[in-house]
Amino acid sequence: MPPVRLNVRMIDAIDASATDETLVSAIRRHRSEAAFALLYDRHTPRGFQTAWRIVGGNPHEAEDVVQEAWLRAVASLDRWSGESDFGAWFRGIAAHVAIDVVRRQVRFVLDADADLVCEESPVEWMDMEAAILSLAPGYRAVLVLHDIEGFTHEEIGARLGITPGTSKGQLFKARRAVRARLAPRMERRLL
Amino acid sequence: MTEQSFDEWSSEERERLAEVGQHRSPRAELRDRTTDALRERGLLGAGGSGRMPGRFFFALAAAAVVVFTAGLLAGYGVGLRHQTEIRRDSVTTAGGGPAREVARLDSPATQAPASVGGRHVIWF
């Protein structure tokens, strides 16, 4: 597909129906704020959710992650190939920034002896969201990236600096920990 | 992108997984904050490739003035030196000397005929 070329009149006419490629081109060539606003509205919600899950449910940190992710994304728009999904590309950046945030805040727990769960819940059972958020950051990151965001173990390994085998092992343990927290609820439903 | 792994989730668990964080959204002011940050880094807004910023024109005008003034001074200096040399030459030749000798040699009286011994000499 040939690159999209925009003139000033076309930028003024940018509307919600414009493709991601058109918007990206307008930002790259003309630093168009209108194009960025549309791109932001289109992809921020899912990027924010990704960040929110990885940082453990802190909305302020998730917002900081999203802002940093946009700064990195706009600065490196040349690296986005128009053939891939822009949303997935942006969520990848957001996940990367979120992992950096988690790394800075706490020791990234990925060894076998580490506690799986960050905090003990006062309630007998948890819902899925609370159970995932209660995991230690490293386990939570692996589970969120694989089971919710759809990354492969190879991709997770590259992002977290671990081997794919370690990623698989941590995912297994994280799932087991989440299930253990959900189990009482499931049993109650059967009664 | 997802690959099959051991200990898979049930369909009900998968549904609940997909819902995690889905109702969360950032505050509205995040957009302005992000746009401002992008603007501060020069990644958005005025100064785009299509428009020239005022600062650029000011720098261009200042550079033009500097170049013009430097040229003016250089030209004045060269002109002054040239004038001094002419004056010095006229003082030297006033009492006779090499210049008068050249004039004498170039006069028609002392010039050899155009054809000397069958050879033509052409003066440019």
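**Stop 1: colour chain B by confidence.** In chain B, helix H2 (residues 29–40) has the highest confidence, with a mean pLDDT of 96, while strand S1 (residues 115–116) has the lowest, at a mean of 50. Now select residues 1–6 of chain B. Their pLDDT is below 50. Beyond near neighbours in sequence, this stretch makes eight contacts in the model. For chain B as a whole the mean pLDDT is 75, and 59% of the residues reach 70 or more. Keep in mind that this is a predicted model. Its scores are ipTM 0.78 and pTM 0.65.

**Stop 2: show the interface.** Select the residues of chain A that touch chain B. There are 33 of them, in contact with 31 residues of chain B. On the chain A side, the elements giving two or more residues are H2 (20–30), H3 (33–54), H4 (59–75), H6 (128–133), H7 (137–148) and H9 (164–190). Which helix gives the most? H3(A) does, with nine residues. Colour this side by class: 18 residues are nonpolar, six polar and nine charged.

**Stop 3: one helix pair across the interface.** Select H4(A) and H2(B). Two packed helices are described by the angle between their axes and the distance between the axes. Here the axes come within 10 Å and cross at roughly 40 degrees. The crossing of H4(A) and H2(B) is right-handed. Show side chains next. H4(A) brings A:Glu63, A:Val66, A:Gln67, A:Trp70, A:Leu71 and A:Val74 to the contact. H2(B) brings B:Leu30, B:Arg33, B:Thr34, B:Ala37 and B:Leu38. By class, the residues of this contact are seven nonpolar, two polar and two charged.

**Stop 4: the nonpolar core.** The largest nonpolar core has 55 residues. The members that touch the most others are A:Ala51, A:Ile54, A:Val65, A:Ala69, A:Ala94, A:Ala98 and A:Ile132. At least two core residues come from each of H2, H3, H4, H5, H6, H7, H8 (153–160) and H9 of chain A.

Centre on A:Val65. What does A:Val65 contact, leaving aside neighbours within four places in sequence? The partners are A:Ala51, A:Val55, A:Ala94, A:Val97, A:Ala98 and A:Val101.

**Stop 5: A:Ala88.** Move to helix H5 (residues 86–105) of chain A and pick A:Ala88. Is A:Ala88 buried or partly exposed? A:Ala88 counts as partly exposed because 13 C-beta neighbours lie inside 10 Å, and burial takes 20 or more. Finish with a distance label from A:Ala88 to A:Arg46. The two are 42 residues apart in sequence and 9.3 Å apart in space, C-alpha to C-alpha.

Terms used: Residues are numbered from 1 along each chain as its sequence is written. Chains are lettered from A and ligands numbered from 1 in the order in which they are written. This is a predicted model: local features need pLDDT of at least 70, side-chain atom pairs count only at pLDDT 80 or more; totals for chains, interfaces and linings use all residues. Two residues are in contact if their C-beta atoms, placed from the backbone, lie within 7 Å. Helices (H or I, at least four residues) and strands (E, at least two) are DSSP runs, numbered from the N terminus. Ala, Val, Leu, Ile, Met, Phe, Trp, Tyr, Cys and Pro count as nonpolar, Asp, Glu, Lys and Arg as charged, and the others, Gly among them, as polar. A residue is buried if 20 or more other C-beta atoms lie within 10 Å of its own, exposed if 12 or fewer, and partly exposed in between; C-beta atoms are placed from the backbone. pLDDT is the predictor's confidence in each residue, from 0 to 100. Axes are lines fitted to C-alpha atoms, for helices over the stretch in contact, and angles run from 0 to 180 degrees between N-to-C directions. A crossing is left-handed if the near helix is turned anticlockwise from the far one by less than a right angle, and right-handed if clockwise. A nonpolar core is a set of buried Ala, Val, Leu, Ile, Met, Phe, Trp, Tyr and Cys residues joined through C-beta atoms within 7 Å.
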